[in-house]
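Here are some notes to read beside the structure. Take the points in order, and find each residue as you go.

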Amino acid sequence: MILLTIILGVLQSCSEENTRFNPENYFKDYSNIGFQVFKLDTLEYSVIQGKKGTKIHYNRNNFELEPGESVQLKIKEIYSFQELFYSNINTITDKNELLESSGVIYFEFTANGKRINMKESQILLLEFPEGKLRDNKIFYAQVDSLNQFKWIEDKKALMTVLFEEELIRVPSDSVDYYLNNDEIMFNNNEPDFVSLPSELVNNRAWINIDRFVNPNSRISFQLKPNLKELNNYSVFFIYEGLNSFISEYRKKDSLNFKNIPILDKTSLLVLSEVDGKNFGEIIELTNQREIDLNMKEMDLDDLKDIISK
């Protein structure tokens, strides 16, 4: 009985510790990008345009719907580094490859408050603002329990190129081959198009337009805290001149970082909070193995310069 009591006490302690580790996005209140909602009702066809220029071609016949069901579309468009950062949308793949984003969109079709699916083998046509797709690939999001994003390259989406004055669709993983042909080019005068297959639309909500970034090097290091009262840390790797960053949430006993991509100027931003006060430090990364933190009380407004690119 005593042993059982001890075990239950340990399990409860672990459960409470896990509950306490609920990282908060420090910058969420800085974002002014919200969801846009469009009521499509029973329209058969519509081209919906978001505030930032994204267009979604909706065809009711391509969705699994009952007669008379009213449809609603919710979207979010993010095309600036600041909004990516404020929304804590990483630019890193599931294989730890660094990306630079040209834009992220969220979309969701619903009827009667529930998400609806596209019919098998159908496609959803998206138009992005001009030039966004050029030299980029399409990725979809893998989001973990801490709302951290990792991106997976989608090779089934079709991109549009201009060939002999006609728009043709080619697989996203074949675009580089087509671009090496002098007779084929991205359409420079019209918005860029992507055709998403039904399996992607049905299973994913976040789409990212990115290119791969080759780092100069990769480093592994340990952060050594200076304030014992700080328990949880938000760590950001910010790459000057690029729409790229990586964020990680860590407990104080887990501050070892491995295989972090580094470019010419990479800044490390470390934040923590205790008793309603924010503490932070900004460090330029080179090839350090150990970093002694000197966390001081910080006003988040003072960080706008490093975030505003």
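1. Start with a term. A salt bridge is a side-chain nitrogen of Lys or Arg within 4 Å of a carboxyl oxygen of Asp or Glu. Keep that cut-off in mind for point 2. Remember too that this is a predicted model.

2. Look at Glu-69, in the loop between β3 (55-59) and β4 (71-78). Glu-69 is buried yet has no salt bridge.

3. What does the side chain of Glu-69 join in a polar contact? The partner is the side chain of Asn-112, at 3.0 Å. Beyond its neighbours within four places in sequence, Glu-69 is in contact with Asp-41, Thr-42, Arg-60, Ala-111 and Asn-112.

4. Now turn to the rings. The whole structure holds 20 aromatic pairs. One of them is Phe-85 with Phe-245, a tilted pair: the centres are 5.0 Å apart, with 55 degrees between the planes. This pair links distant parts of the chain, 160 residues apart. Phe-85 is in helix α2 (residues 81-86), and Phe-245 is in strand β17 (residues 245-251).

5. Finally, check Phe-35. The charged end of Lys-74 sits over its ring, 4.7 Å from the centre. The charged end of Lys-76 sits over the ring of Phe-35 as well, 4.3 Å from the centre.

How values were computed. Residues numbered from 1 in each chain as written. Predicted model: local features only at pLDDT ≥ 70, side-chain atom pairs only at ≥ 80, totals over all residues. Heavy atoms only, no water. Phe/Tyr/Trp six-rings, centres within 6.5 Å; stacked < 30°, edge-to-face > 60°. Helix = DSSP H or I, 4+ residues; strand = E, 2+ residues; numbered from the N terminus. Lys NZ or Arg CZ within 6 Å of the ring centre and 35° of its normal. Buried < 20%, exposed > 50% of the residue type's maximum accessible area, 1.4 Å probe, protein only. Lys, Arg positive; Asp, Glu negative; His and termini not counted. Polar contact = N/O pair within 3.5 Å; in protein donor to acceptor, adjacent residues only side chain to side chain. Contact = heavy atoms within 4.5 Å.
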